[in-house]
Amino acid sequence: MDDNFNFPYENTEDPSWATLFEMAEHFEEPEAVSVYDAVDFPESSAENERKYETPEAALKGLFGYDSFRPGQKAVIDSILAGRDTLAVMPTGAGKSLCYQVPAVLLPGVTLVISPLISLMQDQVQALDEAGVSAAFINSSLSESTFSQTVRKAKQGFYKILYVAPERLLTERFLELTKSVSISMVTVDEAHCVSQWGQDFRPSYMKIVEFVRLLGKRPIISAFTATATEAVREDIVCTLGLLNPYTLVSGFDRENLFFQVERPADKDRYVLDYIAEHAGESGIIYCATRKNVDNLFALLKGRGISVARYHAGMEAAERKRMQEDFVFDYKSIVVATNAFGMGIDKSNVRFVIHYNMPQSMENYYQEAGRAGRDGLEAKCILLFSPKDMVINRFLLDHKEMPEMDAADRETVRERDTQRLRLMERYCYTTECLRNYILKYFGEHPEKPCEDCGNCLREFETLDMTDAAKKILNCVYEAKGRYGKTIIIDTVSGAKTARLEETGTVNYRSYGTLASVSKNLLRRLVEQLLLQGYLTLGAYQVLKLGDIEALQNPETRVLVKITDEDKHPERRPKAKKEKKAKGSESLTAAGYRLFAELKKLRLEIAREEGIPPYIVFNDKTLIDMAAKTPASRQEMLDVSGVGEQKYRKYGKRFLSLIEKCAKEDF
C-alpha cells in the first residue's frame with residue numbers, strides 16, 4: 001500500500017485493507033438513471049401543431065426568445081442542411097434547443113437518446129409547456145403506458161421521442177421504428193460513447209448497430225458538455241458521423257464564480273456559507289454516503305431546509321427528496337454524485353463540493369448545475385489532502401467488466417492522470433477559470449479577475465533552498481515513495497512508517513522541520529508544476545529535469561496566502577452583489593420580482609411541475625423590469641412564448657396591474 005494511503009477519517013492512522021473494504025459501502029459511483037416515475041402529460045398531435053417556417057420563428061413562437069445564443073444557430077443550420085453534427089457546449093449554453101428547434105421544423109420524428117430518466121421527464125414537461133408534442137420511452141413506464149406511447153408514436157402524435165439506449169435494440173422498439181419516419185437521431189451526453197471519456201456507458205455502443213438497422217439513415221447529431229479533443233475524435237469515429245459539422249463553443253461560463261478553500265472545519269464553513277446566503281437554492285456534493293448522512297443531519301438539526309440523496313437510500317425516499325428540491329420545497333440538497341444528472345433546475349445559486357471530485361470533467365459538469373438561468377452563481381470546492389485517498393480508493397476498485405485487460409489498464413492510467421490534474425487545480429495559485437479553460441483546450445490570454453484566486457491576496461515566498469532539500473530527499477528515496485513519506489521525512493516526523501522505510505536515516509531527514517507541512521505540500525506541487533518532480537506509478541515522486549536549478553540565479557517561488565500563515569483568518573471575501581441581471585431593477589421592481597416568484601410557485605403547485613418550468617428567474621426579472629401591460633408586451637419578455645402566454649400570461653398581467661395600482 002503506497003505511503004499516501006491514509007484513510008480520510010479522524011483517528012485512523014493506518015487502516016487495514018479490511019477496514020477499507022468495510023467502509024467501502026459508503027462509496028458510490030453515479031447512478032445511470034434517476035428515480036422519477038412515469039408521468040402522464042397533456043399531449044397534442046404533431047399533425048395539428050402550428051407549423052413554423054424558420055428557426056427564428058420556432059424559437060420565438062415556442063420558447064419565447066428573440067435571438068439565439070452563440071453557436072446555436074450554426075448547429076441548427078447544419079442539422080437542417082442534412083449534415084451530421086457534433087456540438088460541445090457547456091452546461092447552460094442551450095444544447096437542447098439545438099436539436100429541439102430542428103426537430104420541430106424537420107418532417108417526421110426525432111429520436112433523442114439519453115441515459116437519464118430525470119432529464120427525459122424534465123425535457124418532456126418543458127416541451128409540453130412550450131406546445132411541442134413529446135414523450136419518452138424508458139424503464140419507468142408501465143406496460144400500459146408504454147403500449148399507449150408506442151400507439152401514439154405510430155399515429156404521428158409526437159415530434160420528439162426520448163429513448164433510453166437500453167431500449168434501442170429491443171424487438172418492440174425496432175418494430176416501432178419501422179412504422180415511423182425518423183428524420184434525426186440525437187445522441188445526448190455523447191461522451192458516454194467513448195471508453196476514454198469520464199462516464200463511459202456500454203449501453204451507448206448499441207447506438208451504432210441501431211442506426212445500421214434503420215431502413216434509411218437519418219441525420220445524426222451528438223451533444224455533450226465536456227469533451228477533450230481525444231474524446232471528441234472518439235465520438236465521431238464510434239458513432240460513424242459522416243463529415244460532421246463540429247462546434248466546440250467556449251467552455252467559459254462567465255456567470256459562475258470559482259473558488260477553492262481549504263478550511264480546517266468543512267462543516268463550519270458550510271454552516272457559515274448557508275447562513276450568509278439564506279433562502280438560496282444550492283447543491284452540496286460529498287464523495288461518500290457517510291459524509292452525506294452526517295452533513296444532512298447537521299444541517300437539518302440547525303433548522304435548515306435540506307434534502308439528501310445517495311444510492312444507499314430507498315428508492316421512494318430518493319424520489320421524494322429529489323422532488324422536494326426540484327419543486328423548491330427544500331432549498332438545499334446534500335448528495336453524492338449520483339444526484340443531478342439531467343436535473344434541469346435553473347435557479348441553483350451555489351454548488352459546494354465538500355470533497356474533491358475525481359476529474360475536471362466531473363467537476364465542471366457538477367459545478368455547472370449552478371446558474372443554468374444565466375444569473376450569477378458560485379462554485380466552491382472545499383479541499384483536503386484526504387480527498388485524494390477517497391478518490392484513489394474508488395479508482396483502484398472501479399469495475400470495468402466490459403473491457404479486456406489492456407483497455408482496463410489504459411483507462412486506469414487516464415483516470416489517474418485526470419485525478420492528478422484535479423488535485424493540481426486545488427493547489428494552483430493561478431486563475432481558476434483559466435485552469436479549467438486550458439484543461440479543455442482553450443488558450444485564455446489573461447486572468448479572469450473574477451475567481452477566488454484572482455481576488456485573493458498572495459504573498460510570494462522564495463523557497464529555493466527548501467526545494468533543493470526536498471529534491472535531495474526524493475533522490476535518496478530512489479523513486480520509491482510518495483508525497484506523504486517525503487514530506488514527513490524532511491519534516492522529521494517520528495512515525496512507525498518512517499522507521500519501517502528507513503527514511504529516518506536519510507541525510508535529508510528533519511532538514512525542514514521548521515516549515516509547516518501545508519507550505520511543504522504547496523512547494524511539492526510547485527515542483528511538480530515546474531517539472532522538477534514527476535509522478536510515477538502509484539503516485540511515487542521521481543526527479544524530473546533539475547538542470548535549471550544548477551544555475552544559482554534560478555529561483556523556486558511559491559505563492560501563499562494569509563490563510564496559510566494564519567488559518568483562523570478568512571481570505572478576503574468577494575463583495576456580495578445581487579444576482580447578475582437583478583441589479584437593473586428598481587426597489588419597486590425588486591418587490592414586484594418577489595411577487596412574481598410567489599405567483600410562479602402558486603402555479604407550479606397547481607400544475608404539479610417545478611417552478612422553473614413555468615418561467616425561470618431570468619424571465620421574471622425581465623418581466624419585473626418591463627412591467628408588460630398587454631399581450632404583445634408580455635410576448636416581448638424573454639422566455640415568454642405563445643403557448644406559455646396562453647397558459648399563464650393573463651395571470652401575470654393581472655398581478656403586474658394590481659401591483660402597479662398599489663404603487664409597488
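This is a predicted model: local features need pLDDT of at least 70, side-chain atom pairs count only at pLDDT 80 or more; totals for chains, interfaces and linings use all residues.
## Where α13 meets α16

Let's start with a pair of helices. Helix α13 covers residues 360-367 and helix α16 covers residues 432-439; their axes come within 11 Å and cross at roughly 120°. That angle makes α13 oblique to α16. The crossing of α13 past α16 is left-handed.

So who does the touching? On the α13 side you'll find M360, E361 and Y364, and they meet Y435, I436 and Y439 of α16. Sort the residues of this contact by type and you get 5 nonpolar, 1 charged and no polar.

## The buried side of α3

Now look at helix α3, residues 72-80, where Q72, V75, I76, S78 and I79 are buried. Why do these residues lie on the same side of α3? Because they cover an arc of only 160° around the axis.

What covers them? The cover includes two helices you can pick out, α2 (55-63) and α4 (95-105). It also includes the strands β1 (85-88), β5 (182-187), β6 (219-224) and β7 (245-248). After α3 comes G82, and its phi is positive, near 85°.

## A closer look at D387

Last stop: D387, which sits in helix α14 (residues 386-396). Is D387 buried or exposed? Its relative accessible area is 4%, and buried means under 20%, so D387 counts as buried.

Leaving out residues up to four places away in sequence, D387 touches K266, Y354, N355, M356 and L382.

Key:
Residues are numbered from 1 along each chain as its sequence is written. Side-chain values use heavy atoms; hydrogens and water are left out. Axes are lines fitted to C-alpha atoms, for helices over the stretch in contact, and angles run from 0 to 180 degrees between N-to-C directions. Helices (H or I, at least four residues) and strands (E, at least two) are DSSP runs, numbered from the N terminus. Angles under 35 degrees count as roughly parallel, over 145 as roughly antiparallel, 65 to 115 as roughly perpendicular and the rest as oblique. A crossing is left-handed if the near helix is turned anticlockwise from the far one by less than a right angle, and right-handed if clockwise. Contact means heavy atoms within 4.5 Å. Ala, Val, Leu, Ile, Met, Phe, Trp, Tyr, Cys and Pro count as nonpolar, Asp, Glu, Lys and Arg as charged, and the others, Gly among them, as polar. Buried means under 20% relative accessible area, exposed over 50%, partly exposed in between (1.4 Å probe, protein chains only). The arc is that of the directions from the helix axis to the C-beta atoms.
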